Amino acid sequence: MNVTRVDHIGFAVKNLEESVRWYEETLGIRSAGVETVAEQKVKVAFLPCGDSELELLESTETDGPIARFIEKNGEGMQHIALRVDDIDAALRELKDKGIRLLDETPRRGAGGAKIAFVHPKMTKGVLLELCERE
Ligand code: CO
């Protein structure tokens with residue numbers, strides 16, 4: 001597979017608006033807009049930082065993955081996403097290597113990206129997302 005960059009780092013937050021304001025006012029990083037991903041039960045804001053982005057995620061439901069993460073760990077860094085140029089090939093390669101995946105086939109993420117998560121047991125506790133963009 002061909003990993004080309006750190007695409008984004010995902011942060012679980014309780015209040016998206018407040019968090020976006022903090023990054024904008026404190027660090028001068030501008031939000032590229034807010035999007036709801038119903039399937040993941042999240043509202044997402046992307047804050048571009050050069051070649052990569054911060055992805056702020058607020059749960060829209062009490063039982064979503066981000067709500068569960070915050071319940072267990074509190075707010076904070078939740079995942080890191082690596083950009084690949086061909087996610088289908090990357091997933092095939094990982095399966096061939098016996099790597100457990102949370103997503104066997106890619107699904108739609110924010111911004112129309114194709115994404116898939118690797119099982120955190122395989123990455124020593126790091127939730128790793130693979131991400132392909134047009
Ligand atoms: Co992500």
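Which residues are exposed on the other side of α3? On that side, R92 and D96 are exposed; more on this helix in point 4.

1. Ground rules. This is a predicted model, where local features need pLDDT of at least 70, side-chain atom pairs count only at pLDDT 80 or more, and totals for chains, interfaces and linings use all residues. Residues are numbered from 1 along each chain as its sequence is written, and side-chain values use heavy atoms, with hydrogens and water left out.

2. The metal site. The cobalt ion takes its protein donors from H8 (NE2), E55 (OE), H79 (NE2) and E129 (OE), at 2.1 to 2.3 Å. Donors here are N, O and S atoms within 2.8 Å of the metal (3.2 Å for Na, K and Ca); water is not among the atoms, so sites may look incomplete. The angles among the four donor atoms run from 80 to 161°, and the site is irregular. For the label: four donors are tetrahedral if all angles lie between 85 and 135 degrees; four are square planar and six octahedral if opposite donors are over 155 degrees apart and all others between 65 and 115; anything else is irregular.

3. Spacing of the donors. Along the sequence the pattern reads H-x46-E-x23-H-x49-E. H8 in strand β1 (residues 3-12) and E129 in strand β8 link distant parts of the chain, 121 residues apart. Both H8 and E129 are buried. Buried means under 20% relative accessible area, exposed over 50%, and partly exposed in between (1.4 Å probe, protein chains only). Helices (H or I, at least four residues) and strands (E, at least two) are DSSP runs, numbered from the N terminus.

4. Helix α3. In α3 (residues 87-96), I87, A90, L91 and L94 are buried. Seen down the axis of α3, these buried residues fall within an arc of 95°, so they line one face of the helix. The arc is that of the directions from the helix axis to the C-beta atoms. L91 has 2% relative accessibility and counts as buried. L91 and F117 are 26 residues apart in sequence and 9.6 Å apart in space, C-alpha to C-alpha.

5. Helix α2. Here I66, A67, F69 and I70 are buried. Down the axis of α2 the buried residues fall within an arc of 160°, so they line one face of the helix. E71 and K72 are exposed on the face turned away from the buried side of α2.

6. The largest pocket. Its volume is about 700 Å³, and 33 residues line it, with P65, Q78, H79, F117 and L127 nearest its centre. α2 gives the most to this lining, with six residues. By class, the lining has 19 nonpolar, seven polar and seven charged residues. On a 1 Å grid over the protein atoms alone, a pocket is an open set of points where a 1.4 Å probe fits, with protein on both sides within 12 Å along at least five of seven lines; lining residues have an atom within 4 Å of a point. The volume is the space filled by probe spheres set on the points, which are joined across faces, edges and corners. Ala, Val, Leu, Ile, Met, Phe, Trp, Tyr, Cys and Pro count as nonpolar, Asp, Glu, Lys and Arg as charged, and the others, Gly among them, as polar.

7. Two backbone spots to look at. K41, in the loop between β2 (34-37) and β3, has a positive phi of about 55° although it is not a glycine. K124, in the loop between β7 and β8, also has a positive phi of about 55° without being a glycine. K41 is partly exposed at 28% relative accessible area, while K124 is exposed at 79%.
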